[in-house]
Amino acid sequence: MISGQKLFLGGTAVGLFSWAATAMAVPMSCPRGGVMERIVHDAVGDGRLQRVGYGYAVIDAGSGRTKCEDYYEEHRGVYPASTIKTLVAIAVLRQVDCGIIQLDQKVVIDQPSADLDNQDRADYRRGQVHTVIDLLADMQIYSNNIATNQLIDLVGKPYINATADALGAPTLRVYRKVYTDVPAEPDNPRRNEATVRGYIELYRELASGALRVLSADSRRLLVGLLAQCHTNNRLGKDFPDSVTFHHKTGSTSDSSSDAGFYFLDNGDAAILVGLQDFRDFPALARAGLALFNLLRSQF
């Protein structure tokens, strides 16, 4: 368990600015000629091109305005696994900003699957008590499923999906709770959904704050948590040590994904998304490094 006082909250540019010409892409310095498609082709291979969604966007970190973007199947729905937890976190922090819940509020673990699906965490058995800030940290940094499901119950799925709408990301949807081995909702067969375009919009807001979906403090908190994601074998695996990739990974036995952003040398933010309905972490790493090198050569 991580104390809120010990969380890293700095290391990124933050601030609230008005949204300006968000939808107007400025293509200066943009690579041309189907570069994204070639990167995906080289990373995942011909036989799996119909099972992925990839994309990137370079945005002005102040206004959120798109400077450059390219996609491969940006609207294809792919099971998001744990990448969807960032949407849950934003919904929770929206309620914190509204005073509905508090970061130091205590929550009793009452998930029916808690004693079976988190066997390596004795502090997440039923009846244990955690604060909201600790649930957020364990969800984002360590991808704790019981913490996630407790937060889903706290704010409710309709509110989480309404938060996606507020982000301009209606293709991100939470329909059921998450789990590893023991179904958290065995009578609910509807899987969560995501697209590359949805994650681009979500991370656009976290990198810029232009829509003011979260307060500056809440956005700073979440970005700091994303910087500590304990799994780094995917899109950002081969980035230089000097680059902080603020991201959330996700995987199951038959899916793998990653989404997040980092700051370029000129202060712009680069958002990268890779969604795959097969499990292949090296493919994500290959695509991530190719995108990093491409953007470094252009910006």
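Helices are DSSP runs of H or I with at least four residues, numbered from the N terminus. The legends below use these numbers for a predicted model.

Figure 1. Gln150 has its place in helix 5, which covers residues 145–155. The relative accessible area of Gln150 is 4%, and because buried means under 20%, Gln150 counts as buried.

**Figure 2. Overview of the protein.** The secondary structure consists of 9 helices and 7 strands. The protein has 299 residues, of which 57% count as buried. Taking contacts between residues at least 6 apart in sequence, 67% join residues at least 24 apart.

**Figure 3. Helix 2 against helix 8.** Helix 2 spans residues 85–97 and helix 8 spans residues 216–226. Their axes come within 10 Å and cross at roughly 150°. Angles over 145 degrees count as roughly antiparallel, so helix 2 is roughly antiparallel to helix 8. The crossing of helix 2 with helix 8 is right-handed. On the helix 2 side, the contact is made by Thr86, Ala89, Ile90, Leu93 and Asp97. On the helix 8 side, the residues are Ser218, Leu221, Leu222 and Leu226. By type, the residues of this contact between helix 2 and helix 8 are 6 nonpolar, 2 polar and 1 charged.

**Figure 4. Helix 2 against helix 6.** Helix 6 is made of residues 157–166, and its axis comes within 9 Å of the axis of helix 2. The two axes cross at roughly 95°. That angle makes helix 2 roughly perpendicular to helix 6. Leu87, Val88, Ile90, Ala91, Arg94 and Gln95 of helix 2 meet Tyr159, Ile160, Ala162, Thr163, Ala164 and Ala166 of helix 6. The residues in the contact of helix 2 with helix 6 divide into 9 nonpolar, 2 polar and 1 charged. Ile90 is listed in the contact with helix 8 and also in the contact with helix 6.

**Figure 5. Aromatic pairs around Phe261.** The whole structure holds 7 aromatic pairs. In one of them, Tyr203 and Phe261 are tilted, with 6.5 Å centre to centre and 50° between the planes. Tyr203 belongs to helix 7 (residues 196–208) and Phe261 to strand 6 (residues 255–263), so the pair ties together parts that are 58 residues apart in sequence. Tyr203 and Phe261 are both buried. Phe261 also pairs with Phe263 in an edge-to-face arrangement, 5.4 Å centre to centre and with 85° between the planes. The relative accessible area of Phe261 is 0%, whereas Phe263 is partly exposed at 21%.

**Figure 6. A cluster of rings.** Ring pairs link Phe239, Phe245, Tyr262 and Phe292 into a cluster.

Figure 7. Leu284 lies in helix 9, which runs over residues 281–298. With a relative accessibility of 0%, Leu284 counts as buried. Apart from neighbours within four places in sequence, Leu284 is in contact with Tyr54, Arg234, Leu235, Ser256, Ser257, Gly274 and Gln276. Gly236 is 48 residues from Leu284 in sequence, and their C-alpha atoms are 8.5 Å apart in space.

How values were computed. Residues numbered from 1 in each chain as written. Predicted model: local features only at pLDDT ≥ 70, side-chain atom pairs only at ≥ 80, totals over all residues. Heavy atoms only, no water. Axes fitted to C-alpha atoms, helices over the stretch in contact; angles between N-to-C directions. Helix = DSSP H or I, 4+ residues; strand = E, 2+ residues; numbered from the N terminus. Parallel < 35°, antiparallel > 145°, perpendicular 65-115°, else oblique. Left-handed = near helix turned anticlockwise from the far one by under 90°. Contact = heavy atoms within 4.5 Å. Nonpolar A, V, L, I, M, F, W, Y, C, P; charged D, E, K, R; others polar. Phe/Tyr/Trp six-rings, centres within 6.5 Å; stacked < 30°, edge-to-face > 60°. Buried < 20%, exposed > 50% of the residue type's maximum accessible area, 1.4 Å probe, protein only.
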